[in-house]
Structures are given as structure tokens and as C-alpha cells.
Amino acid sequence: MFDISRSDGSTLAAWLRSLEAGRLEQVLTIRADAASGPEPRSFSELADRLQRPGSVALVLPRLALPHLQVAEALAVLGPVPRNALADLLGTAPEEHADGLDATLESLADHALVWQDSKGLLRMAAPLRQAWDAPLGLDPPLAQLLEGATSDELRRMLVALGVKPGGTKQQRLTALVEHHSNPEQIIAVVAQAPSATRKLLERRASTVPERTEFIMIGIPEKAPEPGTRWALERGLLVEDHHRYGTLRMPAEVALALRGADWHAPFDPAPPTAATASVTSADVERETAAAAIALGAHAASVLTVCATTPPARLKAGGIGARELARIGKAAQCDDAMVRIVLETAHAAGLLARDGDNVAATESYDAWASQEPAEQVAVLLQAWRKLPLTPTQARDEEGKALPALAAAPPCAGCLQAREGLLTAAARLPAGQGAKSAAELGPLIDWNRPFAEQLPQDTTPFATVIGEAQLLGVLARGALSPIGTALLDDDTEALAAACQRLLPAATTEARFGTDLTAVVAGTPSARLAALLDSVADREAAGTASVWRFTPATVRRALDTGRTPGSIVDDLTAVAVEPLPQPLSYLIHDTARSHGRVRVAAAACVIHGQEPGLLAELAAHRKLAELGLRQLAPTVLLSRTPLERTLAALRTAGYAPVAETADGAVRIERTTRRRAAAPVPRPRLPGSGALQRADDRMPQASATADPGLLAARLQATPPTTPQPDPHNGVPFGSDTEEIIAGYARQLSLTDIRQLAYAADEGQAVTIEYVAASGNRTVRTVSELELDPPYLYAWCHLRDDERVFTLSRVHGVMPAR
């Protein structure tokens, strides 16, 4: 049965104090943001943090469907005994009681619902505001009549045949008691005119429409027939705060819906068709997907590191660049998008002017084993606030990759719901098809977002999970289990077990190809890329040697002997003769013609060859002129002359000014750090010694924090310098003097961020009256102003302390 320890009061703080240490630790673990620095010093402060709208908004999307259904019912009923809630949900029969009790227990673990000393179920205030009209019902009568006059209440009671009291409060109480009895409501409606009964029955069975805003000078619509009779008896109430909109008290609507009507409640998840799978089958399919991911990721990022993709003017990488990368890396659009998004999130790619280039972190990543590389990308995918393979928007327009779109909580919840749903399938069973998982995702995470391109529910995110090896044979893989638990060590271990070590050897064929089974090591891939073209990537990679690729290696200053030696060192068997012949034949013609800049000069040791160049029709555009049997003058710049000669089939080399052969090396382009270093005003005493982003507040150990809280006295004095109770720090006192809108909890949070160099999220009201939420770091107080680096604007900003209306730990 539902068993929440009762407290000596109705407040959340009193309920928290009544909990045992283990239960309190569980609450602190689930609501970790409330335990972040600075640690709450009392149960009152902890309760204040747990009931902040921003904190409730963080936990709300993580609730399953039955949790939201129970919370919505409580939002209608207000503080009520459990039996009243069970009656509304239709769970009074004993066979349905366990589902309600389990749901209430879970809501209590989230500190969203608790039971007070009188046995009433209460809920966090911000949770009630999640619904404008819970269950399609307007607020209760007492709330709707808050602005009514005493005379208006008297007239309603007289019309109902109830003796009015002498004071306004007595009249309101009598009216609420009358409407709280469904039988009395039904009896009154039975006496109403026919038009009124039809109006009330229709209003009770339908969800209220949106508020209709009435412009000045435009008359209101005429009231429906029968409205006045209902208004006179409080069956309908005119809401003056909503331009005279008619609203039906929740008590009246519930009475008219009848005792047989119950609020929706689905404690059990939908049934999914499953099929038997073995762990060996799951691991085998997972390993194949992970190996392919590692190989494709290495190919895509190698292409981006060599030729950084250009960004669109509107932001992101467009379809043309995505197609170029996919063709060069030999993988499809979906994989290219996944790799780009996860690599960007992991810091391997960053914006560099009009391009997206590899960072120094990419070089470190490229030298790692495939298992480590894949683990980095999977961890980034788990926390992506978007769905990488969403290729089109609602209007069917193509979406770029790496576009600066706002985070999508629904996309993140779809991924979370998939992992949770797959984990709850019976052991040894997997979903028969992707369509079976869609309803389970929706039940586990009702806030999850379905994409316009999904032909079946959540098809895109399910397809991504299968492509990455998170889901195999319809079951959660070991990689998926580690991602669900957010266990970095378990993820690394799973990848290490499933992925083989990087391959350091290649098999060379007589058809001038090199085949590497598995994922090639960074050194092997770099060697083969320098002397051959990659034709295929995946579980096996293939490179092809041609005269052009060998000449490309020779252009970098390498000799045929060094190329043969390097390839022999990585070959499983001796190099085939055709490959050796290709290398040496290309080398013999390499450098026979040399090009020097004059604008430029072509010279060589063979007069016949120079004469051939001068007479070549395809080279006529160079404007060649023979000055001597072994010297030609070109009117075309050196680089264009080199390109034209190579296109015509020759193999020239360039010379430096002193006559030495110019070595053509590929210049590595690396993007700068993705987060710029903020520069604050003032003397610079608070400047950081490095360019790293200040980290969000660390979360305290839940067990230790629970013990410290339980050791605090029941009443903790609030800071009040006038009564001799000082603030915890000078910074707190300074902020309290200017930020009058902030609670003590918010003051402590902001002061801690300023003193410890932590990032923090603030709710700010601009001079225009517009509200905005900003994540800021590198805070510097200069009352009445706060200087900070704004992550939304990616620039320094100045905030007025008096306009800061809320503070939350940075997400």
C-alpha cells in the first residue's frame, strides 16, 4: 500500500524532515539539481529549491504517463485523501490499487507529491501550473469566486435556497459546501430550464476553449440562452480576469459528468509483441554496428580534417557539403549527420570562420583505439538535444547539419523513452518490429517529440539506435544498458569487449588494392590515405593504388624506396609485384620535368621532352616559349602550370628559389577552442588563467547531505543583520541589498556562483518587460550591476541585479 511517512505539518519541508535517511537520500539523488552547490542548509531551503518552477520543469519531462495522469487529477482535486483520488481515477477496486500506490510512491520520490499529517495528498505548487485546464476542467468554485462581492454571493445562495451567512467568508463557505455535494448539483440542474440544462451538459463534457481576447470597441457576443439562470446559481461564473469569459466550476463539471466518469489512468504500459533473442545474437549485431560506426566516423572526420566543410550563411552544413562528405567517406547521409553532430558535441569539430574544422581534440581522438572512439561518440549521442537524422522539417524542407537550432527537450526525451522502454522488455525478448516500441516510448515519456518524417511513431530515433548498436534484434544491447544508466565506465567496458583492437596490418592484392579487416589504426589509415584512394569503409576498408595516388605521395618528398618499405612493414604478406612496379614506374617519370617560377620557367635534361611540351596543343593556353633546348618560359603562374602539366599526363615537380625540389605537404587546419575566453571589465583580478569554461556547480553526496540536514535544528534562523543574524558571506549580503526579487535560496545560489566561478542560469526581466532565461559564467559583481559572459549571446553582457528574478544551477 501507499506509505509515505506522515509529518507534523502540511508543508514539503515538514514532510522532508519526517523521512528516514535512506528515503531522503533517494529524493536527493533523483532531484540532484536541488543538492548542487551551495548545499542547502535546512529543510526549508531544500523544500524551496525543490518547488522552484525551473526545478520542477526539469523533472516533469522525465515522468511516465501514469505519473502525469495522477498529478493532473490532483491538480483538479487539490489536497484530498487518497480515497478521493482513487475514486476519480476509477482505481477503487483492489485490483487497481497497486498501480496507484506505486505511482504515488514514485511521485513522492521526486518530491512532487506527499501526504501530510491529516492524510491529505499535496503537490508542489509549480506542478499545478503545468495544466491550464486539467482534465478539461476550470478551477474550483472557491478560486473562481475570489473576486466576487459579498452581495453577489448572497444572491447565489438565495437562488439556491440556502440561507446566507452574515459575512462574506461564511457565504463563500456555504456556497462551496453546497457545490461539493454532487447530488445537490444534479438536483439543481434538474430544475433548470431546458436551454440551461443543454448548455451545462455541453460545457461539462467538453474541454474549455481558449480565452477569446476582446478588442476595445468591439461588442461582446450575446450570451447563450440559459446562461443567466446558471450564473445566478454559481453553476457558471463570469471570470472578470479573462474579459468576462464564462467558466464552469470543477465541482459542477464533475457532478454533471456523473459517478461513472473517471479520469484516465494507465498504470500498466502497452503490450508489445516480442520474439525470443539470445544474448549472443544481440552482442553479435551490436558489435557489427559499433565496428561500422567506428570505421565510418574515422572516414567522415578524416574528410572534415582534410577539407573543412563550408558553413551556410544561415548556419550549419548544407546538403551539398553533406553529399560531398558522404561520397568521400563512402557512407550515407544518416551516418554523416550522426557523426558530425556527435563529433561537434564531443568537441572534435568546431566552427572556424565560414567553415567547420577539426579541433586539437580530434587529433587525440584519432590516435585512440576504436572502442574508445566509439564510446566518445555514443556518450555524445546520448545527451544530444536533437535528433541528428532529422533531415526535413514540417514543411518538407531539407535541414542542414550542425545548424544553430534551439535545444529540443522532446528529442532528448524520445531517446530517453526508447532506452527505458527497451530496458523494460522481458529478459530474452526483443520487440518484433520498431512499430512495437513506439507506444512504449510514448507511455514512458509522454513529452517525447515525434518528427514529421516518422512514418511510424518514433521511427527516426529507433532507427538511429539500431544504426549505432544501442538496439539490436529489438532488445537493448550492453551499450544501450550503459547509456541508460549513464555509466561511462560500463560503456567503455562494453565497447572494449565488443570492438576488436585497431588493425595494424593490410592485405595487398595484385589488383592494386589494399584491404583492412576491421577498423584500421590511425597510423595505418594515414599511411594508406597518403598513397592510395579509399574506395570503401565499414567492417572492411579498401584502398586502391593508381599512378596519380603514388605521384601524390612522391610530391610530398617521399622516395619510392621509403614508400615500399612503409607498405611492406604493414603488409601481411610480401607486396605483390604489380604494386612494386607501379611505385617504381611512377617514380621514374616523377621529376623528369621541373617547373620554376619566373612566371614561370620550365626546364629539364631532355631536349626532346621540352620540345614535346612546347608543341603540345593542350598546353597552348600556358603560353610556352622555348628559350633553350632544355628551358621553356611560361606566361602562366607556377601553380596553374603544374596543374596543367599533370592533367596532360606529365609528372613535373616544383622547385624552390634555390633550385631544390619543393616538398608539397598537406597543411593541417584545426579550429580554435569552441568556447571563447570572456574578458571582464575592471582590473582583471578575477580573470581565469586558462580558457576553459567554468563548470556547473558540483552535486553533493546525497547520503552525506541527508545526514547533515537531519542533524540541523527544526528551526534555522534566517539571515537578518538587523537582528544579529548575519548572511553566510559578504557576497550574499551585497546581492540581497540589490536583488529584492530573489528569495534567500536564490541569493545563496547567485553568491556561490560569483564566489566559486561557477556557471548559473538566471531568469531576467529586461527594461522592456520581456522575460528571458540566460546561462551566464565568469560573474563579477559591481553593484548595482552584474557583469557576466552570456552563453546565449556568446558575448559579455551587463545585468541589473534588481531585474534578476530567479536563479538555477546551470544545466
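Which residues in H15 are buried? In H15, the buried residues are Ala250, Glu251, Val252, Ala253, Ala255 and Arg257, where buried means under 20% relative accessible area, exposed means over 50% and partly exposed lies in between (1.4 Å probe, protein chains only). The model you see is predicted, so local features need pLDDT of at least 70 and side-chain atom pairs count only at pLDDT 80 or more, while totals for chains, interfaces and linings use all residues. Residues are numbered from 1 along each chain as its sequence is written, and side-chain values use heavy atoms, with hydrogens and water left out.

**The protein as a whole**

- The protein has 34 helices and 25 strands; helices (H or I, at least four residues) and strands (E, at least two) are DSSP runs, numbered from the N terminus.
- Of the 811 residues in the protein, 47% are buried.
- Among contacts with a separation of 6 or more, 64% are between residues 24 or more positions apart; a contact means heavy atoms within 4.5 Å.
- The accessible surface comes to about 39,000 Å², and 52% of it belongs to carbon and sulfur atoms. Accessible areas come from the Shrake-Rupley method with a 1.4 Å probe, and for residues only the protein chains shown count as cover.

**Back to helix H15**

- Helix H15 covers residues 250-257, and six of its eight residues are buried, so the helix is largely enclosed by the rest of the structure.
- The buried residues of H15 pack against helix H5 (65-77), helix H9 (141-144), helix H11 (168-179), helix H12 (182-190) and helix H13 (194-205).
- Just after H15 comes Gly258, which takes a positive phi of about 95°.

**Nonpolar cores**

- A nonpolar core is a set of buried Ala, Val, Leu, Ile, Met, Phe, Trp, Tyr and Cys residues joined through side-chain atoms within 4.5 Å.
- The largest core has 65 residues, and Val300, Leu340, Leu378, Val470 and Ile479 have the most contacts inside it. Helix H16 (residues 279-306) gives this core its largest share, ten residues.
- Leaving out residues up to four places away in sequence, Leu378 touches Leu293, Leu468, Val470, Ile479, Leu483, Leu491 and Cys495.
- Another core, of 57 residues, lies apart from it and has Leu127, Trp131, Leu200 and Leu235 among its members.

**Aromatic rings and charges**

- A search of the whole structure finds three aromatic pairs. Rings of Phe, Tyr and Trp (its six-membered ring) pair if their centres lie within 6.5 Å; planes under 30 degrees apart count as stacked, over 60 as edge-to-face and the rest as tilted.
- One of these pairs is Phe508 with Phe545: the ring centres are 6.0 Å apart and the planes stand at 45°, so the pair is tilted. Phe508 is in strand E12 (residues 507-508), while Phe545 is in the loop between strand E15 (540-544) and helix H27 (547-555), and the two are 37 residues apart.
- Phe508 counts as buried at 12% relative accessibility, and Phe545 counts as buried at 2%.
- Tyr764 and Phe799 have ring centres 5.1 Å apart and planes at 80°, so this pair is edge-to-face. Tyr764 lies in strand E21 (residues 760-765) and Phe799 in strand E24 (residues 795-800), so the pair ties together parts that are 35 residues apart in sequence.
- Tyr764 is buried, with a relative accessible area of 9%, and Phe799 counts as buried at 3%.
- Arg233 lies over the face of Trp229, at 3.8 Å from the ring centre, and Arg415 lies over the face of Trp381, at 5.0 Å from the ring centre. A charge sits over a ring if NZ of Lys or CZ of Arg is within 6 Å of the ring centre and within 35 degrees of the ring normal.

**Strands and sheets**

- Two strands pair if DSSP finds at least two bridges between them.
- Four strands form an open sheet in the order E12-E13-E15-E14, with antiparallel pairing. E12 and strand E14 (533-536) stand at the edges with a single partner strand each, so one side of each is left without a neighbour in the sheet.
- E14 and E15 pair over three bridges in the antiparallel sense, and Asp533 stands opposite Arg544 in E15.
- Strand E22 (residues 771-782) and strand E23 (residues 785-790) pair in the antiparallel sense over five bridges, and a hairpin joins them through two residues.
- E23 and E24 run antiparallel and are joined by six bridges. Four residues lie between them in a hairpin, and Asp794 in the turn has a positive phi of about 55°.
- Tyr787 is the bridge partner of Glu780, and Val798 in E24 is the bridge partner of Tyr787.
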